[in-house]
Amino acid sequence: MLRLSKVNKYYQVGTHSLHVLRDVDFEVADGEFVAIMGASGSGKSTLLNILGILDDYDSGEYWLGDTVINKLSESKAASYRNRFIGFVFQSFNLLPFKTALENVALPLYYQGVTRRKRNQIAAQYLERVGLRDWADHLPSEMSGGQKQRVAIARALIGKPRLILADEPTGALDSETSKQIMDLLSEINATGITVLIVTHDPEVASRTQRTIRLRDGKVVNALEASASHPGIAAAVP
Amino acid sequence: MFDLDKWKEIWSTLRSNPLRTFLTAFGVFWGILMLMAMLGFGSAIQSGSQRQMKGMATNLLFVWGQQTTESYDGLPPGRGVRFNTADIELLRRLPSIEYLAPRLQLGGWMNNFTVSHESKNGTFTVMADYPELKHIVAFEYDAGRFINERDIAEQRKVVVIGRAVYEQLFEPGIDPINKHIKISGVYFQVVGLTRTLRGGNQGDRDANTLFVPFTTLKTAFNIGDRVGFFAMTAKPGTDGPELERQVREALSRHHRISPTDQLAIGSFNMFVMYSKFEMFFLVLQLVSWVVGGATLLAGVIGVSNIMLITVKERTKEIGVRKALGASPMSIVSMVMKESIVLTAFAGLIGVVAGVALLAGTGAILEHLPESPLGPPNVSLSTVLTAVAVLIGAGALAGVMPATHAASIKPIEALRAE
Ligand SMILES: Nc1ncnc2c1ncn2[C@@H]1O[C@H](COP(=O)(O)OP(=O)(O)O)[C@@H](O)[C@H]1O
Ligand SMILES: [Mg+2]
């Protein structure tokens, strides 16, 4: 599905540059359900933005399918995002003046699907996330969990092969988080690759595999737990 | 372009902040209304003056004798210049003159005469004229005709009367043709009743004038060979100043006037007047466009400014749209369309309000024939130009905000909480 090799990313902060991703190397197979964990500031969001072609990287290679994604033109990047990738954000990022249905339908607008057709399809996706009766409501009239469901329906409507979710449960209580994870598991079960950034071990435990980041480096499970004296002591 | 879907998308964003949309639209509305009001006012002044000048040839020249101011050819200054019938032959030989109308007012300039019919009488202007006059001052006839060549040749005692003369001397409904009226004791047969095409003072004067054949007046009142003044038109292709120069030269030589003595012969050159008028209206129109256009420009800058603020406020929205697959082009086109729709829509309302305003003013001015302002008419082409200008202005207003919107990076937008 996707592969990163020796990806580096720097941020220019004033006069010095901040090395945010250091030789990041990993691979995600088709249909995997993967969590990316790490402390705050470890570079998780930066990594996810690169994977989502929302941001560039400075060196290394990022393969999405069998294409190298590197310094694409904006319109090319837009078209890849539109056709291959669905985004779910911590703060939902729904357009406040559009109804749930219109929000879900938006990616299809950029594919040139007619309004009628798009609303019809959007209604199906809303039904799938259990919000059929909320189609005509504005985001401001909905709970956090409901908003995130709308966002997930919107991420799915373009039939992406990859869903990228940056702390999708970060703003939700544990019960709602559980429901959202159920939904994402269901989606993964249909064959769509799902990557979730989280720092909630509960959430990570629902995935098949966890990639850990520390200070911009991918670390293996042992190294990661080494920072945790309790667990390290338990390892013989 | 005519995708209903896109319009709905534009409408939904414009509707999302009604107050801002309204304030933006108002600037453009006001701009175009001002522009139309200014153009309308200009055209009202213009049509008012044209109403005054209507029925007059535009290549017209009048000349009359005054007093010499320079000694010449052994003659002292201060000598009165009087034109006579010999001058008629002289001027008829000038190739630049199209129509020549020698004229003489009975009793002299500004003198009125008592005219009567049966028991009724009044005082009016009596003019001795040639048939050529009808090419210089256009009349219509409520009855009969103007003086003709036979009247001149046979020195017939016929008269053409103005509307006010008729109303004063005849009972309403009476046909004046072939009736006899008495001018200073001499009977004349009425052959025509004129209706002037001119407005204002000129029109009043026409209505109060009687015309008799030039040759008749001389014999009937024993006036000799005097000519009061000459009215003439220039041949097409001859300009007014050139005609005047030739006429002055011929008359000066004949009357032994110094070539440099401009005051010996008085003149009124319609051509020069008219081009001054035209210049004035051109300037007026230019000023209207500049002032109205500046107001409109202020409105457009307002649109641009507010669109830019809007785009900045919508950074997050634009980021989300881009993350979902909006290309930079689609963002540019979204902002441009919003700008054009807003400008054009507000502008069209302004155009409609402007047309209504002018039509209303026109209807009022219609009932005030003495007003120096005529009905304002803003032509369809002006309106269409204004609309085209508006759409262009909307596009112009959209350029900056649209390029800004397109340059927004999705991650930065998404980070903006
Ligand atoms: N646009 C930016 N400019 C400068 N530094 C940034 C920018 N975005 C993120 N960073 C820094 O990069 C590091 C990684 O950030 P981020 O990827 O958001 O971490 P995480 O999502 O794991 O909390 C942090 O130190 C952060 O301050
Ligand atoms: Mg983060």
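Which residue's side chain meets that of B:R245 in a salt bridge? The partner is B:E249, at 3.6 Å from N to O. A salt bridge here is a side-chain nitrogen of Lys or Arg within 4 Å of a carboxyl oxygen of Asp or Glu. Side chains of opposite charge can pair when their charged atoms come close.

The model is predicted, so local features need pLDDT of at least 70 and side-chain atom pairs count only at pLDDT 80 or more, while totals for chains, interfaces and linings use all residues. Residues are numbered from 1 along each chain as its sequence is written, chains are lettered from A in the order in which they are written, and side-chain values use heavy atoms, with hydrogens and water left out.

B:R245 and B:E249 are 4 residues apart in helix α8 (residues 240–254) of chain B, and therefore about one helical turn separates them. Helices (H or I, at least four residues) and strands (E, at least two) are DSSP runs, numbered from the N terminus. B:R245 is partly exposed at 45% relative accessibility, and B:E249 is partly exposed at 43%. Buried means under 20% relative accessible area, exposed over 50%, and partly exposed in between (1.4 Å probe, protein chains only).

Another salt bridge joins B:E338 to B:R314, with the closest N and O atoms 2.9 Å apart. B:E338 lies in helix α11 (residues 328–366) of chain B and B:R314 in the loop between α9 (270–313) and α10 (315–323), so the pair ties together parts that are 24 residues apart in sequence. B:E338 is buried, at 2% relative accessible area, and B:R314 is buried at 10%.

B:R163 and B:D142 also form a salt bridge, at 2.4 Å from N to O. This pair links helix α5 (residues 163–169), which holds B:R163, with strand β6 (residues 139–144), which holds B:D142. Both residues belong to a network of salt bridges that also includes B:E140, B:E167 and B:R195. Over all chains, the structure holds 27 salt bridges.

Chain B also meets chain A. The contact (heavy atoms within 4.5 Å) takes 26 residues from chain B and 24 residues from chain A. Across this interface the rule finds 1 salt bridge. A:E74 forms a salt bridge with B:K322, the closest N and O atoms lying 3.5 Å apart. On the side of chain B that touches chain A, α1 (4–15), α10, α11 and α13 (410–415) each supply at least two residues.
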